[in-house]
Amino acid sequence: MDILSLFVIVPILIVLALTFFAKDLKQARLISVVGMGIQFAMSINLIFAYIKERAVNTNIMVFTKDVVWYETFNIHYSIGVDAISVVMIALTAVVLLAGVFISWKIDDLPKEFFISLIALSSGVFGFFISTDLFTMFVFYEIAVIPMYLLIGIWGSGPKENSAMKLTLMLMGASAVLSVGILGIYFNSNADGGPLTFNIFEIAQVNIPVAAQNIFYPLTFIGFAVIGALFPFHTWSPSGHASAPTAVSMLHAGVLMKLGGYGVFRIAMYLLPVGALNWSDFFLVLSAFGVIYGAFAAIMQKDLKYVNAYASVSHLSLVLFALLMFNRTAWTGAIIQSLSHGLLTAMFFALIGMVYGRTHTREIEKLGGIMKILPFIGAIYVITGLAYLGLPGFSGFVAEMTIFVGAFQHPDLFHRILTIVVVSSIVVTSVYILRMVGKIMMGPLSNEEYKDLPKATWFEKTGLILLLIPVIMIGVLPLGLSEMLKESIQPFLERLL
Amino acid sequence: MDFSYTILIPLIPLALFVILGLFSKKIPASISGWLGSLGLGTSIALSLYTAYHYFMDGKLEGVYQTFVYKQTWLIFTDKLHIDLGVLIDPISVMMMVVVTTISFMVHLYSRGYMHGDDGYTRFFAYLALFSFSMLGLVLATNLFQMYIFWELVGASSFLLIGYYYTKPSAVAAAKKAFIVTRFADLGFLIGILLISYYTGTFDFKDLTSLDGMLIAGWGASASFMGLSVFTWGLILIYMGGVGKSAMLPFHIWLPDAMEGPTPVSALIHAATMVVAGVYLVARLFPAYYFVEDGFALQVVAYVGAISSLVAALIAVTQTDIKRVLAFSTMSQIGYMMLALGVSKYEGHEGLGYMASMFHLFTHAMFKALLFLGAGSVIHAVHSNYMQDMGGLRKYMPVTHITFLIAALSIAGFPGFAGFFSKDEILVAAFESNKLIYYSSVLVAGLTAFYMFRLYFNIFWGEDRKYKHTPHESPLSMTIPLVFLAFMSIFAGYIPFSQFVTADLMPFEAHLNLPLAAIASSVGIIGIIIAFIFYKKPSDLPERFANAFGFIYKWIYNKLYFDELYIFVTKKILFGVVAFSASWFDKNVVDSSMIGIGNVTVSVSNKIKGMQSGKLQDYAMSFVGGIVVIAMVVFYIWIN
Amino acid sequence: MIAGISIYEILTLSSILFFIGIYGFFTRDNLITVLMAVELILNASAVNFVLINTYLYPDLLQGAVFSIFIIALAAAETALAIAIIINLYRIIYSVEVKDTEIMKY
Amino acid sequence: MERIIFYILAAVIILFAVASVTSRKILRAVIYLLFVLIGIAGLYFLVDYNFLAAIQLTVYGGGIIVLFIFAVMLIHHVELVLEKTALKKKLIAGALSASGLAVTLWAISTYPFPETSATAYSSIEVADIGRILLSYEDGGFILPFEVISVLLVAVMIGSIVIAKGRKLVADGSPKTEDGSEKLTENK
């Protein structure tokens, strides 16, 4: 079995093991944690294997494999990775493992919870390794749909409504996306040759400009909805607020990254002319989203809403950087995806811990938690500082790479937009400090909070797992950024 | 010559921070204080050695050389990359000495001051983090490295101001400091982006070298509102400096920052971090001076002059001793700024530059001393307010003497350190801009006045009702005081112009006697007025304040800057922009999405109605359909 | 053949009868009366069979035979329908069309 | 003469048909239907299909109408007045029927029916019909005839089964002959 397919198969095996062998919470989480641990080890191994393979293999994708799946329409199960997918896979594995730790004490239908969570992960992994549009789309749907169950069953608050809103909006986007993908497919014989779903075969074809202009926005929006593009972001605040902790982590940390990844790998890479023609429009939308999300976050009362709007802001920044069309900004966009994935997962985990103890997420009702829960408080402050782009953490590297890259754009309008977007760092610090200052610092808001239980070992493990890569990227970013730059080269050649 | 070992100077505090931070629970308080002091002791030893080594041997043909040791940290484009490393030149060595000295003194002092505090180890961890960041900033080889450490000092300042995090005022002050400086840093960042876009480099060496292409080509770049982009870039970078150095209009965070523990105020908000803005301008001085005839530099000069005057005026009215000192700091930094601003480049004309650095050095000593002395007083009487103090000279002789020395020094009393550096600044201002000179002289008088107002109020006058008799602070606190007092007297005799100059070439600076006489007599007049007003309790000050009525009130309330900012942020940014963004999101964007859902539901309800289950409805549709089809068929058939 | 009457008039008559039946089918509320409207429709078609046979193919008998079949079918249908109606009435106490709309589920 | 009779019959048929579908008294509607059926039987007489007319009278007039009346009497009392149909419904139904009629009439009137020259049966005897019904030669109807017979048997049995109703009600107690109320109550 090849190194990549295992990423899809292992989750399925875990799901089967959970189905047949797990009897109660203890067994379910044991199987999950072992399985996700294996997955995590595999992803670390993949990084090293990739670096080793990259030294001798100059193809765009390495570890490729191609199996005919459905011959009539030329659908293949074709896989392969470049640096971008490798880091995304690693991100997914980390967040999942941390998510399992955070869900250690889930008491409601634990087995089913872990089954849904891990089934979802197989879709995410499959999405990142696919190089065939159709297979990719199938995995995408696998990743999106269990979300409905996860929020609808294990969520809190108006969970059914939120779950439905989230699922319907994402399904609507999928519908648009599938039109875009089929549009690409039916134009993939523009230079003669058979119709194909294979990304790299399509990349050799000059799709007619008229078709690109039509299908690019469809594909872009289809992916950008899950990447929280304004004004299609409204599923995210309510969805995240209602979702259980681990699901929020996974969703904001990983699933929302599928959007940026899809935009980059499919919409922009396959439809380069359309991308250039439409870039200004989407650029303004995403720049607006950055500022808008940040301002909206200031006024939120619920911790999860703050974080959800912050995610809107930060992920709009990813799209913004992607639309800047240069290597540095793209590198920044990918690092930002990683960084935001880790940090937002940490934030959701922390919010979950605070909520689990105090049973409220309202900022006004919380205060002075750090005195009672020093570990959680300290990590909260660190996460907050990292989130607002303090040097030494991944957020700084990502944002600066984006800003510097974006500012290298030769067009004045783009540079002015960059300045506008840069100003979001101030707004970000306002809402982060407001949140941290209110709930962690200050006097204790409620005497009942005096005896809140301290952080347990599994909570600490989950947080530290996430914190380590944040600091690693923040302190030594060079290796990562160079690795990504190499993989961005094909995009550069195709788009410019 | 090899200075690569200097990299250890910031790394030792970093290691300290990591150790103290990770094991803050496990390390007992007694050890962590010593550990911190020991680490900083090593750093200060190293930096003194470096200074000695550099100033003795660092010259080549009479010019101080610049040594750079760096390592690529992150690559952006082919040209732009961030390096981390150390840059050794006169000002960085000088700053390194200042930072390590003050930091070491503060470490020693804190062992006594923070004794018995819950977060003792945490405090030392933060101090180490700050020392690391500040040293990294000082030694930065390029703009971006400076920005990185600039942010880190901001964050450590946030942590230290908010050290008493259960106190709401401390949290608010910490947030305010961070956000205000962050806003200023936004200017810094945009400035960096602008400059790097047009020059293709972050490197200080490239940006300031005279024979390179860069500066020559700067005047001819694209222009915006009548100024070249470079001037805008430099002004924006200066905005960062304005924020960190608490110049007008970003000064509002500094008085509130006094919520932090007093040693922190001495270290960060008096001696080191707040002079980062001065250091930044000095670092880029050739660029400021040569681009467009130094327009940006004039901005620096005027901002400095106005800030120093305004701050001195406000300091006269404050009653919280730490706030008086904070405004005094702001005023003195304004001095340094204006000195830089009026300076020229070559030889003796670069006097302002050298005076600014000189004043930075002496100011660090006596202002740290003032803060530590104030800390000692606060430690004794447990209050920040002058009203609660008086007659303390009997109880705290060491504090009293050292405080007096510092006050004399800052007032520019002849023979003390402040006298020399201030004199150089006044000379530089006199030679270049009379308006600024007059305002500086006025500030000198005001400085002497408010300093001695403080001094007389604390140490003279009658005793207050103390809860328990004030006593002298422990040895751990007085030793740093004595050392700094020593420095406050004798630092002035260092021949600074031999070491730190704009063009890196030493020159001879002389005391300009007439100007020195004017300045010191103004200072002495200020002291005498303070003596009359405050030596004995009298109603003079009150009558005086009443005479000025609303002006006094205006100044007392810090010119209502805080209110203005609160109006802008709370009312406009939060109240209007943020509120409307969240309102818009909830009621327009979200509602329209929900609206789409509702429309779908109602349409499907309508369609559902057609499937009524009523036989007759079905039959009607059936017949209607047939009729229509028949009509169509017939129509086609006819044609 | 009816002297003086063309096939057009007869077809017109049967059409009118047919559509009166249709109208009744649409408007009546009671299942029995609906059934009666169906009888009208059936009769209209039976008339058509017979008279077209008479007018166009007088040498054949097919039309008449089909009319007989129609009458037989009508009788059968009516018997069955009324059985159903009666049973329905036993169950829901109503033979109104508006009460019998469970079919939509 | 025949023409006048035809017109009279046509008028009777249409009038009573209209009355039958509009009358609100249910028993009257049945009786109006009877007149329509008789009118149609008259038409059959007019074209000399005496047997057919007889069947029409006996099966329809005698059988089906009686069935209707019984049904009415079983379910309602004879004097039942039906609810007034909604005007909207009437209008829609009327419009639909009228347009359908218009289309049909237009189609009829434009269609050129051929003139026939075949010699007609002078009068149709029962024997003719019986022969053709039971003939298995070309043009014979033995198969439909048998099918109809089977159908009639099936319908007879079916009607009995249905009309007899279910044996059990929901609570499992045996159902009485008119146990309908129980079932309703149990719903």
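# A walk through a four-chain model

Helix α4(D) has 24 residues and reaches 34 Å from its first C-alpha to its last, close to the 34 Å expected at 1.5 Å a residue; the expected span is 1.5 Å times one less than the number of residues. Helices (H or I, at least four residues) and strands (E, at least two) are DSSP runs, numbered from the N terminus. This is a predicted model, in which local features need pLDDT of at least 70 and side-chain atom pairs count only at pLDDT 80 or more, while totals for chains, interfaces and linings use all residues. Residues are numbered from 1 along each chain as its sequence is written, and chains are lettered from A and ligands numbered from 1 in the order in which they are written.

The buried residues of α4(D) are Ala93(D), Leu96(D), Ser97(D) and Gly100(D). A residue is buried if 20 or more other C-beta atoms lie within 10 Å of its own, exposed if 12 or fewer, and partly exposed in between, with C-beta atoms placed from the backbone. An α-helix has 3.6 residues a turn, so residues three or four places apart point the same way. The cover over the buried residues of α4(D) includes α25 (615–638) of chain B and α1 (7–27) of chain C.

Chain D as a whole has seven helices and zero strands, and its pattern along the sequence reads α-α-α-α-α-α-α. Of its 187 residues, 25% count as buried. Contacts are defined by C-beta atoms, placed from the backbone, that lie within 7 Å of each other. Among the contacts in chain D with a separation of 6 or more, 40% are between residues 24 or more positions apart.

The next topic is how the chains meet. Of the four pairs of chains in contact, chains C and D share the most contacts. At this interface, 77 residues of chain D are in contact with 64 residues of chain C. The elements giving two or more residues to the chain D side are α1 (2–22), α2 (26–46), α3 (50–75), α4 (87–110), α5 (126–134), α6 (142–164) and α7 (180–186) of chain D. The largest share, 13 residues, comes from α3(D). By type, the chain D side divides into 54 nonpolar, 16 polar and seven charged residues. Here Ala, Val, Leu, Ile, Met, Phe, Trp, Tyr, Cys and Pro count as nonpolar, Asp, Glu, Lys and Arg as charged, and the others, Gly among them, as polar.

Between chains C and B, nine residues of chain C are in contact with nine residues of chain B. No contact joins chain A and chain C, whose closest C-alpha atoms lie 25 Å apart. Chain A and chain D are likewise joined by no contact, and their closest C-alpha atoms lie 32 Å apart.

Chain A contains 21 helices and two strands. Its radius of gyration, taken over C-alpha atoms, is 21 Å, close to the 23 Å that the globule rule (2.2 Å times the number of residues to the power 0.38) gives for 496 residues, so chain A is as compact as a globular protein of that length. The C-alpha trace of chain A spans about 75 × 60 × 45 Å along its principal axes. Buried residues make up 63% of the 496 residues in chain A. Of the contacts in chain A between residues at least 6 apart in sequence, 79% join residues at least 24 apart.

The two strands of chain A, β1 (residues 62–70) and β2 (residues 75–81), pair in the antiparallel sense over six bridges; pairing requires that DSSP find at least two bridges. Val67(A) stands opposite Tyr77(A) in β2(A). The strands form a hairpin with four residues between them, and Asn74(A) in the turn has a positive phi of about 60°.

Elsewhere in chain A, Trp154(A) is found in helix α6 (residues 146–154). Trp154(A) counts as buried because it has 23 C-beta neighbours inside 10 Å. Leaving aside neighbours within four places in sequence, Trp154(A) is in contact with Asp108(A), Phe113(A) and Pro244(A).

The last topic is the cores. A nonpolar core is a set of buried Ala, Val, Leu, Ile, Met, Phe, Trp, Tyr and Cys residues joined through C-beta atoms within 7 Å. Of the 428 residues in the largest core, Ala98(A), Ala321(A), Tyr288(B), Met357(B), Ala368(B) and Phe452(B) touch the most other members. Helix α16 (residues 351–381) of chain B gives the most to this core, with 20 residues. A second, separate core of 82 residues includes Phe26(C), Ile68(C), Ile13(D) and Tyr32(D).

Technical notes
Contact = placed C-beta atoms within 7 Å.
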